[in-house]
Amino acid sequence: MDRAVSKALGRVRQVWEYLVLRPKSEDLAWVGMVLTPAERALFEGMSPHDQAHCAKVARKLSAKSPPDWALKAALLHDVGKPRGYGLIWRVLVVLRPDREIPAAPRLAQPWPWALQIYRWHGLYGAEMAREAGVPESGCRIIQEHGNKSLADEVPWLGEFQWADD
Ligand SMILES: [Fe+2]
Ligand SMILES: [Fe+2]
């Protein structure tokens, strides 16, 4: 398939999933067994879509018998996206990303706020996870989860990215 077409279809799928993907009760029960109470509070702070997406990725990764910290990272990889970061923002930032926007200070105006989350949610999420007690190797995966160039360098990042297709 033409690359532009498959990219466009991928975007359509993301929008569709944002609207319909919701965590199943058996996923939530499983998450409760994998995560500590503090980690679970982070998980539950994510939007329903992000909870369902992270659970799906973690389930897929679990087929490779990952260490605990890698599974926790998969369950929390998008925790840097706040609940208010909704569909409109997610569509707009993809159309007009700002690769140069700094991670700090955190900006409060809506558009720069959304651009920062798109660019830096891995870093923000890793900071939240660290505070909740996620092991450092897991925080590293969360921080670099979108960085394909580190797939062979960061332990379990390549496997994570395979699961997060
Ligand atoms: Fe992400
Ligand atoms: Fe993901």
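In which loop is the place of Arg96?

**View 1. Arg96 in a loop of the predicted model.** In this predicted model, Arg96 has its place in the loop between helix 6 (87-95) and helix 7. Arg96 counts as exposed, because 10 C-beta neighbours lie inside 10 Å. Along the chain, Arg96 and Ala163 are 67 residues apart, and their C-alpha atoms are separated by 27 Å.

**View 2. The protein as a whole.** The secondary structure of the protein comes to nine helices and zero strands, so that the elements run α-α-α-α-α-α-α-α-α from the N terminus on. A compact globule of 165 residues would have a radius of gyration near 15 Å, and the protein, with 15 Å, agrees with this. Taken along the principal axes, the box filled by the C-alpha atoms is roughly 40 × 40 × 35 Å. Of the 165 residues, 35% count as buried, and among the contacts between residues at least 6 apart in sequence, 60% join residues at least 24 apart.

**View 3. The nonpolar cores.** The largest nonpolar core has 29 residues, and those with the most contacts inside it are Ala74, Leu75, Leu76, Ala129 and Phe160. Two or more residues are given to this core by each of helix 3 (37-45), helix 4 (48-62), helix 5 (68-76), helix 7 (110-131), helix 8 (136-143) and helix 9 (157-163). Apart from this core lies another one, of five residues, among them Tyr85, Leu115, Ile117 and Tyr118. When residues up to four places away in sequence are not counted, Leu75 touches Val31, Val34, Leu35, Phe43, Cys54, Ala55 and Ala58.

**View 4. Ile142 and its surroundings.** Ile142 is found in helix 8, and this residue is buried, because 28 other C-beta atoms lie within 10 Å. Leaving aside neighbours within four places in sequence, the contacts of Ile142 are Ala73, Leu76, His77, Gly122, Gly125, Ala126 and Ala129.

**View 5. Helix 4 and its packing.** Among the buried residues of helix 4 are His49, Asp50, His53, Cys54, Val57 and Leu61. The buried residues of this helix pack against helix 1 (3-20), helix 2 (25-34), helix 3, helix 5 and helix 9.

**View 6. Helix 3 beside helix 5.** The axes of helix 3 and helix 5 come within 10 Å and cross at roughly 25°. Angles under 35 degrees count as roughly parallel, and helix 3 and helix 5 are therefore roughly parallel to each other. Their contact is made by Glu39, Leu42 and Phe43 of helix 3 together with Lys72, Leu75 and Leu76 of helix 5.

View 7. Most residues other than glycine have a negative phi, and most peptide bonds are trans. A cis peptide bond, with omega about 0°, joins Ala104 and Pro105, and Pro105 lies in the loop between helix 6 and helix 7. Ser65, which is not a glycine, has a positive phi of about 50°; this residue is found in the loop between helix 4 and helix 5 and counts as exposed, with 8 C-beta neighbours inside 10 Å. Trp156 also has a positive phi, near 70°, and lies in the loop between helix 8 and helix 9, where Trp156 counts as buried, with 22 C-beta neighbours inside 10 Å.

Notes. Residues numbered from 1 in each chain as written. Chains lettered and ligands numbered in written order. Predicted model: local features only at pLDDT ≥ 70, side-chain atom pairs only at ≥ 80, totals over all residues. Core = buried A, V, L, I, M, F, W, Y, C linked by C-beta atoms within 7 Å. Buried ≥ 20, exposed ≤ 12 C-beta atoms within 10 Å, placed from the backbone. Helix = DSSP H or I, 4+ residues; strand = E, 2+ residues; numbered from the N terminus. Contact = placed C-beta atoms within 7 Å. Rg over C-alpha atoms; globule rule 2.2 N^0.38 Å. Axes fitted to C-alpha atoms, helices over the stretch in contact; angles between N-to-C directions. Parallel < 35°, antiparallel > 145°, perpendicular 65-115°, else oblique.
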